[in-house]
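Me: I am new to protein structures. Please show me how to read this one, one feature at a time.

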Amino acid sequence: MPGQSAQPPAESTLRALADATGAAPVRVLTAPAGLDVPVSGTVIHDPQEPLPPSAGAVLLLVGAGIDDDRALDVLRRAAEQGFAAVVVKRRGHDPARFVAEARAAGIAVLTADDALPWRDVDAGVSCVLAAYGNGMTTGSAPAGGEELFALADAVAAVVGGSVAIEDLDRNVVAYSKDPGLRIDAVREQGILHRRVPDIPEQLRQYRQVLAASGVVRFPVMGEELARAAVAIRAGALPLGTLWAIEPDGGLSAEAQKSLLDAARFAAPHLLRALNLPEAERRMRRDTLRAVLHRSGPPADEAADLLGLRPGVEFSLAAFTLPGGRHSAPDTVSATADSALLTHLESVLTRHCAAHRTAATVAAAANAAYVLLPATGQAAGCRFAEVALAAVRRAVGEGVRAAVTRPYADLGRSATMRREADGILRATAQDGPGLPPATTADVRHLILLDRLGDELERDPWLRLSEIDELLGHDRDQGTDYATTAVAWIDAVGDIASAAARLKVHPNTLRHRLRRIRELFRVDLDDPDVRLAVWLELRRAAASAPTPRHAAGPPRP
């Protein structure tokens, strides 16, 4: 906790962003009202959505380029509603028209690097504003709950000095209560008034802590004892700081690790204390997206952020678009799919906000995923069925859904996602209106898909005789592939296979004999028969048998 003074805190303005060289990911293109315009926080906005009332906020304009008329319309409405500035990306376009419109409207324009993800732009701007106590638009946190006070006590016991947890407005939301711990007068005053005294020198310290990824240490200054501090973040989003007075012998490696662990544990609690549902939703979404891509924080830390309790099962539901693919799409359809996928994610988010607040929604690749804490497969299917009805009304009847088996270890997230994706892929040819599918419904089709993938990865595994057979059918107009599949499907029953093909049994026998003669395929060998059937089914994958026709009956 830094030193004290009666001077007022510095105000967060556009100047703070302009002066934060290297810290803020934006630069000023124009500021018609000057750089002393107060800034209250950030708002991420898609031009297709209504503009939220957030006077004084910095608007991050995603989804539209500066040459887009929609962006100009949002710019004018942002100026009318009192936004402090709009952040855009140039993406190779001349900003002159956009800047001229901004000057006429009287609103500042900032630009961000094209290659920087919007979530990193948001986090960078928020970190700079947080040093001035204005990293959020929703106000200060109330006193922390019992968990934060217990956390402060536990960390203080390891460190050997008093500990305080603060929000971005430098309010003390929790503190250690052991009277035997090392403390000084400055810390006592902060705890007494539940707020850190304000002096300009504090800004440098808070900026340093919020910009750092680890523990920052400050030496003795006047009456203040040496201190160590670490930023509390939800993903990249700053939430507050954790401060500890160092013991006489300095900070041990164990104590530094304890500070870092405590900051991670405090993040979800501080979010709840701040009553920031949108911030928490974004944090959980980014965490789930990272987990699904096998990146992000360790499994135990991610599980805590996502509300998963140790040993308690959870399921993953996945929703994909009409005709959704699970391979690399072409460029033209990728743009349309991206817009639809964003819409799908938005609909699911609203549905969960109303009916399943503990769920986390995140779009990735060609699907939107919903993590369902404390949910077995039966309950997951019930959720998915209701959600699917809402999604189909909003997005289209062709939307499909999958529900995984229950898991209890987030470390198996890669397996969980492969299972969900496998179900969606296996149902790609299903007709509209079917309920969510599970692994049990389509396990046989998933197996065939996996075997087919192996043949694609290693073409030398394929039977050259089958390539010859398929080539002969294609060039000569014969039906040897269809004949072989029908006979194998009928388990060698000539009469049944002939009836299915609508040919005479003798015709079928003749074709089978020609397959053996022309292509040297021994269909009497059960292993060869299985390999032939798998390859021919894979060759017909462009029109596979739908789940509702080939799979086991649905309950």
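Predicted model: local features only at pLDDT ≥ 70, side-chain atom pairs only at ≥ 80, totals over all residues.

Me: How do I read the sides of a helix? Which residues of α3 are buried?
Reply: An α-helix has 3.6 residues a turn, so residues three or four places apart point the same way. In α3, residues 96–105, the buried ones are F98, V99 and A102. They lie on the same side of α3 because they cover an arc of only 95 degrees around the axis. That arc is taken from the directions from the helix axis to the C-beta atoms. Buried means under 20% relative accessible area, exposed means over 50%, and partly exposed lies in between (1.4 Å probe, protein chains only). R103 and A104 are exposed, on the other side of α3.

Me: What covers the buried residues of α3?
Reply: The cover includes four strands, if you follow the names: β1 (26–30), β3 (57–61), β4 (85–89) and β5 (108–112). Helix α2 (69–80) is included too.

Me: How is a pair of rings described? How many aromatic pairs are there?
Reply: A pair of aromatic rings is described by the distance of the centres and the angle of the planes. Rings of Phe, Tyr and Trp (its six-membered ring) pair if their centres lie within 6.5 Å; planes under 30 degrees apart are stacked, over 60 edge-to-face, and the rest tilted. By this rule there are three aromatic pairs. One of them joins F149 and Y175, edge-to-face, at 5.2 Å centre to centre and 80 degrees between the planes. This pair links distant parts of the chain, 26 residues apart: F149 is in helix α5 (146–159) and Y175 in strand β7 (172–175).

Me: Is F149 buried or exposed?
Reply: F149 counts as buried, because its relative accessibility is 13%. Y175 is buried as well, at 19%. Next take Y480 and F519: the centres are 5.8 Å apart and the planes at 70 degrees, so that pair is edge-to-face. Y480 sits in helix α16 (480–489) and F519 in helix α18 (505–519), 39 residues apart. Y480 is buried at 9%, and F519 is buried at 4%.

Me: Where do buried nonpolar residues gather? How many residues has the largest nonpolar core?
Reply: In soluble globular proteins, nonpolar side chains tend to be buried together. A nonpolar core is a set of buried Ala, Val, Leu, Ile, Met, Phe, Trp, Tyr and Cys residues joined through side-chain atoms within 4.5 Å. The largest here has 42 residues, and L148, I165, I232, L242 and L259 have the most contacts inside it. Elements that each supply at least two residues of this core include α5, β6 (163–167), β7 and α8 (253–274). A second, separate core has 27 residues, among them A302, A426, A437 and V442.

Me: How many helices and strands has the chain?
Reply: The chain has 20 helices and 15 strands. It has 555 residues, and 49% of them count as buried.

Notes
Residues numbered from 1 in each chain as written. Heavy atoms only, no water. Contact = heavy atoms within 4.5 Å.
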